[in-house]
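Please read it with the structure open.

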Amino acid sequence: MPRRGHISKREIIPDSVYNSKLVTRFMNCLMYSGKKSIASRILYNAIEKLSKHNNNENGLELFKKAIDMAKPIVEVRSKRIGGANYQVPIEVKPDRAIALAFRWILGFSRSRKEKSMADRLSAEFAEILKNTGATMKKRDEVHRMAEANKAFAHYRV
């Protein structure tokens with residue numbers, strides 16, 4: 001916590017193609033070493049491939065739907081009470097849910113075997129839309145952990 005008041009979040013500028021702040025946030029997470037032009041090219045190609053793969057549906061809507069499907073609703077946080085650590089299920093705040101979804105999608109996309117990063121991303125988005133794949137497995141695992149530890153929900157902060 002900062003000693004001198006609250007730090008406000010920076011305003012994110014929407015991207016130039018889709019005019020979406022969500023696309024900009026994903027692009028910033030995808031970017032390595034400040035190379036935003038490369039990250040934007042990869043993401044736009046991935047969205048275009050996703051659109052073609054799904055009978056030319058709106059690529060931006062498919063992207064948003066995939067992110068929404070990958071977002072966790074609850075997670076477990078470790079809390080120390082009386083000398084014991086408990087895994088306490090807590091609802092995930094919206095910004096953190098999006099950040100976790102981005103992290104999972106990018107992590108599992110980078111470990112895929114397709115040739116280019118755009119192919120990997122579009123394949124991961126396609127699997128999310130089918131409710132399969134590593135990202136959805138991770139989200140279900142997080143939800144299962146929260147469900148298993150709901151007996152400790154009364155320790156919630």
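1. Which backbone nitrogen does a side-chain oxygen of Asn 58 reach at the start of helix 3? That of Leu 60, to within 3.2 Å. This is a polar contact, defined as a pair of N or O atoms within 3.5 Å; within protein, one must be able to donate a hydrogen and the other to accept it, and residues adjacent in sequence count only if both atoms are side-chain atoms.

2. The model is predicted: local features need pLDDT of at least 70, side-chain atom pairs count only at pLDDT 80 or more, and totals for chains, interfaces and linings use all residues. Residues are numbered from 1 along each chain as its sequence is written, and side-chain values use heavy atoms, with hydrogens and water left out.

3. Six helices and two strands make up the chain's elements, in the order α-α-α-β-β-α-α-α from the N terminus. Helices (H or I, at least four residues) and strands (E, at least two) are DSSP runs, numbered from the N terminus. Taken along the principal axes, the box filled by the C-alpha atoms is roughly 55 × 40 × 25 Å. Of the 157 residues, 37% are buried, where buried means under 20% relative accessible area, exposed over 50% and partly exposed in between (1.4 Å probe, protein chains only). Among contacts (heavy atoms within 4.5 Å) with a separation of 6 or more, 57% join residues 24 or more positions apart.

4. The largest nonpolar core holds 30 residues, and Phe 26, Leu 43, Phe 63, Leu 121 and Phe 125 have the most contacts inside it. A nonpolar core here is a set of buried Ala, Val, Leu, Ile, Met, Phe, Trp, Tyr and Cys residues joined through side-chain atoms within 4.5 Å. At least two residues of this core come from each of helix 1 (21-30), helix 2 (36-53), helix 3 (59-70), helix 4 (94-110) and helix 5 (117-129). Helix 3 contributes the most, with seven residues.

5. Helix 2 has 18 residues and spans 25 Å from first C-alpha to last, close to the expected 26 Å; the expected span is 1.5 Å times one less than the number of residues. Its buried residues are Ala 39, Ser 40, Leu 43, Tyr 44, Ala 46, Ile 47, Leu 50 and Ser 51. Seen down the axis, the buried residues of helix 2 fall within an arc of 155°, so they line one face; the arc is that of the directions from the helix axis to the C-beta atoms. Ser 37, Arg 41 and Lys 52 are exposed on the other side of helix 2. The cover over the buried residues of helix 2 includes helix 1, helix 3 and helix 5. Just after helix 2, Asn 55 has a positive phi of about 55°.

6. Ser 51 lies in helix 2 and counts as buried at 13% relative accessibility. A polar atom of the Ser 51 side chain is 2.5 Å from the backbone oxygen of Glu 57. Leaving out residues up to four places away in sequence, Ser 51 touches Asn 56, Glu 57, Gly 59 and Leu 62.

7. Helix 3 has twelve residues and reaches 17 Å between its end C-alpha atoms, close to the 16 Å expected. Gly 59, Leu 60, Leu 62, Phe 63, Ala 66, Ile 67, Met 69 and Ala 70 are buried in helix 3. These buried residues pack against helix 1, helix 2, helix 4, helix 5 and helix 6 (134-148).

8. The whole structure contains eight aromatic pairs. Rings of Phe, Tyr and Trp (its six-membered ring) pair if their centres lie within 6.5 Å; planes under 30 degrees apart count as stacked, over 60 as edge-to-face and the rest as tilted. Phe 26 and Phe 125 form a tilted pair, 5.8 Å centre to centre with 50° between the planes. Phe 26 is in helix 1 and Phe 125 in helix 5, 99 residues apart. Phe 26 counts as buried at 0% relative accessibility, and Phe 125 counts as buried at 0%. Phe 26, Phe 63, Phe 102 and Phe 125 form one aromatic cluster.
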